Amino acid sequence: MSNDEPMVVDDGGNTEKQNWPGRWNHVKKLLERTGPFAHSDFEASPEILGFLLSMCKVLVIGAGGLGCEILKDLALSGFRQIEVIDMDTIDLSNLNRQFLFRLKDIGQPKATVAAEFINKRIPGCEVKAHFNKIQDFDESFYRQFHIVVCGLDSIIARRWINGMLLSLLRYEDGVLDQASLIPMIDGGTEGFKGNARVILPGMTPCIECTLDLYPPQVNFPMCTIAHTPRLPAHCIEYVKVLLWPQEKPFEGVAIDGDDPDHIQWIFEKSQQRADEYNIQGVTYRLTQGVVKRIIPAVASTNAVIAAQCVTEVFKVASSCCNPLNNYMVFNDTDGLYTYTFEAEKKEDCLACSQIPQTIQVSTDDTLQTVYNYLCENPQMQMKSPNITTTMDGKNKTLYMPTIESIKKRTKENLAKKLTDLGLTEGQEIVVSDQTSPTSLIFVIKFKVNS
């Protein structure tokens with residue numbers, strides 16, 4: 001038997017072939033001969049296939065519509081050492097496009113079912129599932145992978161994993177140690193539109209560099225949802241924005257769009273409000289969609305973007321072709337349109353620049369001004385930042401909205417002037433937020449009054 005046909009023993013004690021004659025011929029054509037699009041470092045060799053089959057570890061984040069396609073494409077392209085993270089369970093509405101799932105799988109973890117399906121269907125593949133949040137793992141977990149592929153529907157999650165991969169970088173005398181770099185391939189879809197991009201942390205633009213490329217969230221006027229609702233979404237937003245803070249169900253914790261009890265409570269209250277105004281169309285699925293701001297997915301768009309993402313994984317892992325440089329957009333709303341452009345790094349990027357971040361304020365500004373800046377500035381877009389500082393060698397919490405007891409104790413600081421809180425020119429404040437795995441340091445700079 002040739003080296004191309006290794007033998008394995010399955011769980012039942014029966015011997016079977018993982019590879020059969022010609023199984024990887026399509027891949028060998030790219031790896032065992034060079035070409036005009038090959039990377040300058042590429043050396044055609046049969047050993048590259050062995051690396052892909054046995055050694056290259058790929059992490060897939062998300063096992064939904066895009067993630068299912070990515071897992072299938074990776075496995076069929078020769079990647080076998082795959083791990084997948086997803087915190088969601090399978091819902092009936094997933095089955096029209098997330099093809100690794102069946103009716104019997106409803107209620108089961110997406111990651112677990114997807115991994116089992118791929119392992120059973122594709123000989124030799126070893127997908128390991130994690131029914132977790134990405135925040136549940138530390139640096140040592142992420143450091144073991146060669147490449148990370150994202151099939152996410154959350155900008156916050158993208159920003160978090162972006163920050164994690166940046167935190168793994170090592171610098172020697174200000175020069176990046178490229179051995180610490182883990183490439184990230186990011187894909188996203190929105191109806192008939194999609195994009196794929198290649199991020200080399202520390203070298204190419206990161207998620208934060210191009211944060212303004214993401215479309216703003218749709219928000220309804222407060223007067224409409226409070227007084228004149230006309231749509232089912234208005235009723236749901238009313239419960240989400242106004243009723244939840246007032247009634248404080250579930251011991252006053254924040255809304256978790258992935259908690260079925262939270263969604264059920266909002267759904268029932270939204271239905272009551274809809275009945276008051278004779279509005280039809282409030283459903284559990286719509287409720288979850290509004291709470292999580294889910295945009296309906298299209299299977300064909302997922303397939304196209306996943307294929308692009310996995311092609312980039314293959315190119316990065318093998319160097320057989322130069323990777324995408326570095327952002328591709330896809331649109332098949334009216335015909336078929338694709339365009340690739342080179343996004344540029346921001347010299348003062350919040351996440352990947354080596355430049356200290358400053359906040360310019362006046363001596364009359366309050367802590368609320370700083371908080372609003374962190375949340376509303378297009379380059380920040382934080383969600384609920386915790387703000388601390390150091391005074392006289394001791395840590396001082398200025399405001400912490402994520403812990404209810406501390407929030408109550410520090411809320412009065414928002415109305416106080418920064419100078420009254422003891423902040424001085426050049427003083428550092430430390431900001432933590434759910435958009436980043438690490439805390440960020442900002443230096444206070446007071447504007448000169450004219």
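Predicted model: local features only at pLDDT ≥ 70, side-chain atom pairs only at ≥ 80, totals over all residues.
Eight strands, in the order β5-β4-β3-β6-β9-β10-β11-β12, form an open sheet with mixed pairing. The edges are β5, at 126–130, and β12, at 337–341, and each pairs on one side only. On average, neighbouring strands are turned by 15° against each other, ignoring direction.

Now look at one pair inside that order. β6, residues 147–151, runs parallel to β9, residues 184–190, over 4 bridges. Find Cys 150: opposite stands Asp 186 in β9.

Next, the helices. α3, residues 65–76, packs on the sheet and touches β3, β4, β5, β6 and β9. The direction of α3 makes about 145° with that of β6. α4, residues 110–121, also packs on the sheet, touching β4 and β5. Against β5, the α4 direction makes about 170°.

On to the core. Which residues of the largest nonpolar core touch the most other members? Leu 71, Leu 74 and Phe 79, out of 49 residues. Helix α11, residues 299–318, gives the most to this core, 7 residues. Take Phe 79: beyond its neighbours within four places in sequence, its contacts include Leu 52, Cys 56, Leu 74, Val 313 and Phe 314.

Last stop, β13, residues 357–361. Gln 357, Ile 359 and Val 361 point to one face and are buried. β13 pairs with β17, residues 440–446, in the parallel sense over 5 bridges. There, Val 361 stands opposite Phe 446.

Conventions:
Residues numbered from 1 in each chain as written. Heavy atoms only, no water. Buried < 20%, exposed > 50% of the residue type's maximum accessible area, 1.4 Å probe, protein only. Helix = DSSP H or I, 4+ residues; strand = E, 2+ residues; numbered from the N terminus. Pairing = 2+ DSSP bridges. Core = buried A, V, L, I, M, F, W, Y, C linked by side-chain atoms within 4.5 Å. Contact = heavy atoms within 4.5 Å. Axes fitted to C-alpha atoms, helices over the stretch in contact; angles between N-to-C directions.
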